[in-house]
Amino acid sequence: MTIIPLLLATLQIGGEMSAEQIRFNYCMSLIDENIQGARNEASRWIMEGGSQYAQQCMGNIQAAGGYWNAAEAAFLLAAQQASDMKDDRAARLYVQAGNAALAAGRPDDALAHFDAALELDSLAGVELGELRLDRASALVTRGDAEAARTEFDMAQALAPEEPLAWLLSATLARRQGDLERAQADIEIAAKLDPRNAATALEAGNIAAMAGDYTVARRNWEQAMAIDPKAPQADAARAQIAQLDAYEREDGTEQSKMGTDPGT
């Protein structure tokens, strides 16, 4: 799943900002500084009849607080309002609604929002690739690995510089037992983002499944070194502990190595 962007960049059309765009930028600027102030501003703006910009700011506020259902509702209303006004921002807002639903653990609803974005046919290139990546993540969560594989392939073709498309594809390939595809994809992910703990962890998992425990240990240690406090570092420590136990017991734990640590 891709992270919901806060879209803090200035919204501008034709070199001049509308009053709504100025207020949107102000509302968004409050999120990091004073989230309650941002919530008050967005609520007041909505009560005054604010358009999709007001709902979008509220959606980002709710997402920043981890209130995914509320974020989804705000983004969805913003998307519907934008669509009614023939605003080409509608597809991006449906994508944000989909990511909020996915974060809330509802992949079917996420897919419905992603499909609504696709139906508008306004995204292209990297943006369309990122949408395909989001759909792949939702399909993996739903347990539809074959459909997810198709989406990952499209995401990689449309957004070849997006490391997450290669990392998540590698993880799926490992889970499907396709170690050749997993290794090829993780190598690309590592080249695109060499200082990524999740990528190093997955590289270790793939190596372990292939039986190359020396390479696996090296990658897990790298994951720990990149970000010692990250969840990926904790998973890497657990895998190394498992490997140490295997080595102490002279191979009796081999069948347990390379299991999925939950990534």
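Predicted model: local features only at pLDDT ≥ 70, side-chain atom pairs only at ≥ 80, totals over all residues.
## The disulfide

A disulfide joins C27 to C57, with an S to S distance of 2.0 Å. A search of the whole structure finds one disulfide. The bond links distant parts of the chain: C27 belongs to helix α1 (residues 19-33) and C57 to helix α3 (residues 52-64), and the two cysteines are 30 residues apart.

The torsion about the S-S bond of C27 and C57 is about -95°, so the disulfide is left-handed. Both C27 and C57 are buried.

## The overall fold

The protein has 13 helices and zero strands. Read along the sequence, the pattern is therefore α-α-α-α-α-α-α-α-α-α-α-α-α, with helices as defined from DSSP runs. Of the 263 residues in the protein, 45% are buried.

The contacts can also be described by separation in sequence. Among contacts between residues at least 6 apart in sequence, 51% join residues at least 24 apart.

## Helices α1 and α2

Helix α1, which holds C27, also meets helix α2 (residues 35-47). The axes of α1 and α2 come within 6 Å and cross at roughly 150°. Because angles over 145 degrees count as roughly antiparallel, α1 is roughly antiparallel to α2.

On the α1 side, the residues in contact are E20, R23, F24, Y26, C27, L30, I31 and E33. Their partners in α2 are I35, G37, A38, E41, A42, R44 and W45. By class, the contact of α1 with α2 has nine nonpolar, one polar and five charged residues.

## Helices α9 and α11

A second pair of helices is described here. Helix α9 (residues 163-175) packs with helix α11 (residues 197-209) at an angle of about 25°, and their axes are 10 Å apart. Angles under 35 degrees count as roughly parallel, and α9 and α11 are therefore roughly parallel to each other. The crossing of these two helices, α9 and α11, is left-handed.

Which residues in α9 meet α11? They are L167, A170, T171 and R174, and in α11 they meet A198, T199, E202, N205, I206 and M209. The residues of the contact of α9 with α11 divide into five nonpolar, three polar and two charged.

How values were computed
Residues numbered from 1 in each chain as written. Heavy atoms only, no water. Disulfide = S-S within 2.5 Å. Helix = DSSP H or I, 4+ residues; strand = E, 2+ residues; numbered from the N terminus. Buried < 20%, exposed > 50% of the residue type's maximum accessible area, 1.4 Å probe, protein only. Axes fitted to C-alpha atoms, helices over the stretch in contact; angles between N-to-C directions. Parallel < 35°, antiparallel > 145°, perpendicular 65-115°, else oblique. Left-handed = near helix turned anticlockwise from the far one by under 90°. Contact = heavy atoms within 4.5 Å. Nonpolar A, V, L, I, M, F, W, Y, C, P; charged D, E, K, R; others polar.
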